[in-house]
Amino acid sequence: MSAFKSDFLRTLSERGFIHQTSDDAGLDELFAREIVTAYIGFDPTAPSLHAGGLIQIMMLHWLQQTGHRAITLMGGGTGMIGDPSFKDEARKLMTPETIADNIAGIKRVFSNYLTFGDGPADALMVDNADWLMGINYVEFLRDVGRHFSVNRMLSFDSVKTRLDREQSLSFLEFNYMILQAYDYVELNRRYGCRLQMGGSDQWGNIINGIDLGHRMGTPQLFALTSPLLTTASGAKMGKSADGAVWLNPEMLGAYDFWQYWRNTEDADVERFLKLYTTLPMNEIARLGALEGAELNDAKKVLATEVAAMLHGRAAAEEAAETARKTFEEGALAETLPTIEVPKAELREGVGLLSLFVKAGLAASNGEARRHVQGGAVRLNDVAVSDAKAVVSDKDLADGVVKLSLGRKKHILVKPV
């Protein structure tokens with residue numbers, strides 16, 4: 001369906017969020033007619049979500065911005081089992097304490113994108129442990145389990161992938177699909193939820209929930225999935241050379257988060273502006289049309305806008321200014337990441353290679369040596385070619401020593 005009537009689906013469509021829906025016309029009619037409650041589930045497998053999950057959060061943001069009600073569903077109950085989807089082996093089981101800690105960490109991110117409260121379009125945060133942990137197993141099998149066809153469940157790609165590779169799929173994981181489908185029915189009963197959204201890898205699980213709802217007497221339920229995103233070169237979203245691009249600020253600061261988006265590949269700039277910022281479409285079209293060196297300006301806008309939503313406008317602009325001073329002026333910026341070294345240690349002199357490892361710019365002395373030999377290492381903006389170089393208090397400039405790896409990674413060494 002090319003032209004949606006409802007603001008929500010029109011917004012999602014023009015910005016590139018929609019991969020598939022269960023019923024374009026029916027869903028559009030529902031959104032045009034009433035305030036719709038929709039949800040996305042989040043697995044508490046880590047103490048923070050990473051940038052790969054940002055597309056889901058932005059879908060909930062636009063849901064609320066167009067006048068509808070968003071539910072963020074925490075998988076406190078299903079997290080006790082783990083989603084087997086497209087995994088080669090079973091997830092390691094987490095303790096209830098780990099799950100609770102992870103949920104607490106994940107929750108903090110959402111307030112930057114959604115307004116929570118009791119109003120008709122205010123977002124809700126719900127934990128499926130509220131209903132799953134008190135289930136009577138025999139009653140659940142009789143009332144819910146009887147609606148599931150094992151034959152059909154075996155046909156899902158996520159299950160077939162494991163079985164085709166002759167990898168074990170435990171009964172525990174098999175139950176995950178039933179519990180996730182039941183979540184949808186329970187959210188409809190409790191909150192009138194009519195739409196589940198997720199990544200395209202969740203299509204089978206969402207359709208399971210729609211089918212279960214139909215069998216258990218809910219109104220018509222709907223599915224909407226987003227494309228699974230990779231960068232233009234095929235890299236997974238949310239992963240950088242240094243690891244996951246976390247959304248919680250204590251796990252990744254505003255400057256490093258800004259840098260991740262600043263380093264977006266040329267071919268991805270316009271697409272990412274549509275998905276990850278709230279800039280108007282005409283402004284995105286203007287930025288997307290820039291070429292050559294001017295495209296860097298679009299990347300800076302992308303980085304600042306994405307960082308502003310998560311870290312606040314002031315922190316995003318500070319990160320942009322730090323980068324400008326570092327790269328355009330070559331000046332020392334006090335807001336760069338900093339490590340502390342005892343004054344006595346610096347007075348005696350510290351090997352450059354070991355200092356690079358301490359700063360997290362290399363995993364080992366051998367890796368640091370290769371960076372020196374490759375001409376990627378600079379000390380106070382001056383290239384270093386001697387792997388045996390020693391850094392001492394004589395190298396202090398404005399009270400710090402600046403270590404650089406390539407053009408984009410910088411650490412200040414501060415004596416204490």
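Let's start inside helix H10, where Asn205, Ile206, Ile207, Asn208, Gly209, Ile210, Leu212 and Gly213 are buried. Keep in mind that this is a predicted model. The helix runs over residues 203–215, 13 residues in total. From its first C-alpha to its last, H10 reaches 19 Å, close to the 18 Å expected at 1.5 Å a residue. After H10 comes glycine 217, with a positive phi near 90°.

What joins the side chains of arginine 215 and aspartate 211? They meet in a salt bridge, at 3.1 Å from N to O. Because these two residues are four places apart in helix H10, about one helical turn separates them. An α-helix has 3.6 residues a turn, so residues three or four places apart point the same way. Arginine 215 is partly exposed, with a relative accessible area of 47%, and aspartate 211 is also partly exposed, at 24%.

**Other salt bridges**

Searching the whole structure turns up 12 salt bridges. Side chains of opposite charge can pair when their charged atoms come close. Here are some of the pairs, with their N to O distances:

| Salt bridge | N to O distance |
|---|---|
| Arginine 33 and glutamate 34 | 3.5 Å |
| Arginine 215 and aspartate 211 | 3.1 Å |
| Aspartate 268 and arginine 271 | 2.8 Å |

Is aspartate 268 buried or exposed? At 2% relative accessibility, aspartate 268 counts as buried, because the cut-off for that word is under 20% relative accessible area. Its partner in the salt bridge, arginine 271, is partly exposed, with a relative accessible area of 29%. In the pair formed by arginine 33 and glutamate 34, glutamate 34 is partly exposed, its relative accessible area being 34%.

**The nonpolar cores**

Which residues have the most contacts inside the largest nonpolar core? They are Trp261 and Tyr276, in a core of 71 residues. Helix H14, spanning residues 295–311, gives the most to this core, with nine residues. Apart from this core lies another, of 32 residues, and its members include Ile178, Ile206, Leu212 and Leu221. Two of these names bring us back to H10, where Ile206 and Leu212 are among the buried residues.

Finally, a look around tyrosine 276. Leaving out residues up to four places away in sequence, tyrosine 276 touches Leu54, Ile55, Met58, Leu229, Met237, Trp261, Val306 and Met309.

Key:
Residues are numbered from 1 along each chain as its sequence is written. This is a predicted model: local features need pLDDT of at least 70, side-chain atom pairs count only at pLDDT 80 or more; totals for chains, interfaces and linings use all residues. Side-chain values use heavy atoms; hydrogens and water are left out. The expected span of a helix is 1.5 Å times one less than its number of residues. Buried means under 20% relative accessible area, exposed over 50%, partly exposed in between (1.4 Å probe, protein chains only). A nonpolar core is a set of buried Ala, Val, Leu, Ile, Met, Phe, Trp, Tyr and Cys residues joined through side-chain atoms within 4.5 Å. Contact means heavy atoms within 4.5 Å. A salt bridge is a side-chain nitrogen of Lys or Arg within 4 Å of a carboxyl oxygen of Asp or Glu.
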